[in-house]
Amino acid sequence: MGRGRQKAKHTKIARELKSYSPNVNFSALESELGHPSSEEDQYVDKWADQYEDEDEDELERA
């Protein structure tokens with residue numbers, strides 16, 4: 001296959017991929033990955049209160 005035919009084939013494939021948009025069911029994907037879909041189960045940082053914020057130290061020094 002010559003360079004011209006190869007480039008034309010790649011161009012055709014690139015156009016097909018550019019216009020391709022699959023339908024995605026995000027709620028099914030979330031449940032499959034094990035991520036809770038409700039906002040009630042938000043992330044809680046159990047280490048947040050153990051250490052002081054670095055920003056507060058900088059403000060006290062200034």
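Predicted model: local features only at pLDDT ≥ 70, side-chain atom pairs only at ≥ 80, totals over all residues.

Visitor: What makes up the chain, going from the N terminus on?

Guide: The chain has three helices and zero strands, and the order of its elements from the N terminus on is α-α-α.

Visitor: How do you know that the span of helix α1 agrees with its number of residues?

Guide: Helix α1 covers residues 3-19, which is 17 residues, and at 1.5 Å a residue these should span 24 Å; because the C-alpha atoms at its ends are 25 Å apart, the two values agree.

Visitor: Why is α1 said to lie largely in the open?

Guide: A residue counts as buried when its relative accessible area is under 20%, and since the number of buried residues among the 17 of α1 is zero, the helix is described in that way. The eight residues of α2 also include zero buried ones, so α2 lies largely in the open. For the chain of 62 residues, the share that counts as buried is 0%.

Visitor: Why is Phe-26 called exposed?

Guide: Phe-26 belongs to helix α2, residues 26-33. The word exposed requires a relative accessible area over 50%, and Phe-26 has 57%, so it counts as exposed.

Visitor: Which residues make the nonpolar surface patch?

Guide: Val-24, Phe-26, Leu-29 and Leu-33 make this patch, which has an area of about 420 Å².

Visitor: What follows α2?

Guide: Gly-34 comes after α2, and its phi is positive, near 85°.

How values were computed. Residues numbered from 1 in each chain as written. Heavy atoms only, no water. Patch = residues over 30% accessible without salt bridge, like charges linked within 9 Å, V, L, I, M, F, W, Y side chains within 5 Å. Areas by Shrake-Rupley, 256 points an atom, 1.4 Å probe, with all protein chains shown as cover. Salt bridge = Lys/Arg side-chain N within 4 Å of Asp/Glu carboxyl O. Helix = DSSP H or I, 4+ residues; strand = E, 2+ residues; numbered from the N terminus. Buried < 20%, exposed > 50% of the residue type's maximum accessible area, 1.4 Å probe, protein only. Expected span 1.5 Å × (residues − 1).
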